[in-house]
2 protein chains.
Amino acid sequence: MPDDNFDLETFLPYLLNQAAEASSLEFQSVYKQRYGMLRTDWRVLFHLGLYGQLTARDIGERAKMHKTKISRAVQRLAEMRFVIRTRDGQDRRVEHLRLTPKGQAAFEDLRQVAQHYETELTAPLDSAETLALRRALVKLANPQAHRFT
Amino acid sequence: MPDDNFDLETFLPYLLNQAAEASSLEFQSVYKQRYGMLRTDWRVLFHLGLYGQLTARDIGERAKMHKTKISRAVQRLAEMRFVIRTRDGQDRRVEHLRLTPKGQAAFEDLRQVAQHYETELTAPLDSAETLALRRALVKLANPQAHRFT
DNA sequence: TTGTAATAGTTGTTTTTGTAACTAACAACA
DNA sequence: TGTTGTTAGTTACAAAAACAACTATTACAA
């Protein structure tokens, strides 16, 4: 008979998903209703807003998103005139992406929402707790950096 | 000019999603390859395995899953002969769900995998960190219980 | 009673995602 | 050169999720 001291509510993949979903809900409703964006869209937007000009490949690497997701997000963002794509001169396969003024404005707007929402989210946690949470999450999000296998 | 001290990597909804995705990956490959299950499927399976007979409604409430998701998961699990459905005598709308012996076996198997995987996941964290993480996640997963709005 | 609202669960349709195959461009090396 | 392999990004198709409308049953109140 296997161990009985297992609870679903403490199983990390489950718990993490619950927390992630709950904590994304409100923010999601903002970028969705205000700009008709999908989750992939705002991620790309934020990457470009925060880190400047990037290629689709760069974004995929940083955000761990598959290239098809990014390709489609960029298409949508370009249609909305939030992003401009320019071919690289040296290597004509790669495309440089950057925000238009309109995209920049949307980014600034959503960043403020995000920032505000962040403080709301962490309200039930004291600052030590929040710090510990972030540190643990970073470790979980980047497993290879901490394992030996 | 808005605050510039905002980083995507520390934005909780983003970070939580990254951690959740990374930490679900390996476990997902097990229940997928071993039983052809979807995420919704193992969640329903685990609910029934851990808490005994439940209705679809119960599961939806506990797991915060939409009823259509559960309906279809139950269909799949019933096809696999992992779950048995019996109509309630009093209220003929409700259906009681429980695991068959075959379903029970699959649950026990996956529970062991989960338990083992859990220790692997928490390996890079010390026990205080793990505890803090769980407590914080529980708070984030159940916002209404901690807010005043 | 009977008409209205509510609830449990299902089904149908549309979006979104995942996966694989594809095009175009470059790299490296015989 | 040309041939093979690799890379950036797109497209096509299949799988899954989201959303809305539906059936069947119960609750409740005029």
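Predicted model: local features only at pLDDT ≥ 70, side-chain atom pairs only at ≥ 80, totals over all residues.
Residues are numbered from 1 along each chain as its sequence is written, and chains are lettered from A and ligands numbered from 1 in the order in which they are written.

**Interface between the chains**

- 42 residues of chain A are in contact with 42 residues of chain B, where contact requires C-beta atoms, placed from the backbone, within 7 Å.
- The side of chain A that touches chain B draws at least two residues from each of helix H1 (12-35), H2, helix H5 (101-121) and helix H6 (127-141) of chain A; helices (H or I, at least four residues) and strands (E, at least two) are DSSP runs, numbered from the N terminus.
- H1(A) gives the most to this side, with 12 residues.
- By class, the side of chain A that touches chain B has 25 nonpolar, 9 polar and 8 charged residues; Ala, Val, Leu, Ile, Met, Phe, Trp, Tyr, Cys and Pro count as nonpolar, Asp, Glu, Lys and Arg as charged, and the others, Gly among them, as polar.
- The copies meet through the same surface, because 100% of the interface residues of chain A are also interface residues in chain B.

**Nonpolar core**

- The largest nonpolar core has 74 residues, and those with the most contacts inside it are A:Leu16, A:Ala19, A:Leu45, B:Leu16, B:Ala19 and B:Leu45.
- Such a core is a set of buried Ala, Val, Leu, Ile, Met, Phe, Trp, Tyr and Cys residues joined through C-beta atoms within 7 Å; a residue is buried if 20 or more other C-beta atoms, placed from the backbone, lie within 10 Å of its own, exposed if 12 or fewer, and partly exposed in between.
- Apart from its neighbours within four places in sequence, A:Leu16 is in contact with B:Leu16, B:Ala19, B:Ala20, B:Ser23 and B:Leu137.

- The buried residues of H2(A) include A:Trp42, A:Leu45, A:Phe46 and A:His47.
- At 1.5 Å a residue, the 13 residues of H2(A) should span 18 Å, which agrees with end C-alpha atoms 18 Å apart; the expected span is 1.5 Å times one less than the number of residues.
- H2(B) is likewise largely enclosed by the rest of the structure, because 10 of its 13 residues are buried.
- A:Gly52 follows H2(A) and has a positive phi, near 80°, and B:Gly52 follows H2(B) with a positive phi near 75°.

- Of the 20 residues around DNA strand C, A:Arg92, B:Ala56, B:Arg57, B:Ser71 and B:Arg93 come nearest; a residue is near a strand if its C-beta atom, placed from the backbone, lies within 6 Å of it.
- H4(B) gives the most to the surface near DNA strand C, with 5 residues.
- The surface near DNA strand C divides into 4 nonpolar, 6 polar and 10 charged residues.
- Around DNA strand D there are 18 residues, of which A:Ala56, A:Arg57, A:Ser71, A:Arg93 and B:Arg92 come nearest.
- H4(A) gives the most to the surface near DNA strand D, with 4 residues.
- The surface near DNA strand D has 4 nonpolar, 5 polar and 9 charged residues.

- A:Arg81 lies in the loop between H4 and strand E2 (83-87) of chain A, and its phi is near 60°, a positive value in a residue other than glycine.
- A:Arg81 counts as exposed, because it has 11 C-beta neighbours inside 10 Å.
- B:Arg81 lies in the loop between H4 and strand E2 (83-87) of chain B and has a positive phi, near 60°.
- Leaving aside its neighbours within four places in sequence, B:Arg81 is in contact with B:Thr100 and B:Lys102.

How values were computed: Contact = placed C-beta atoms within 7 Å.
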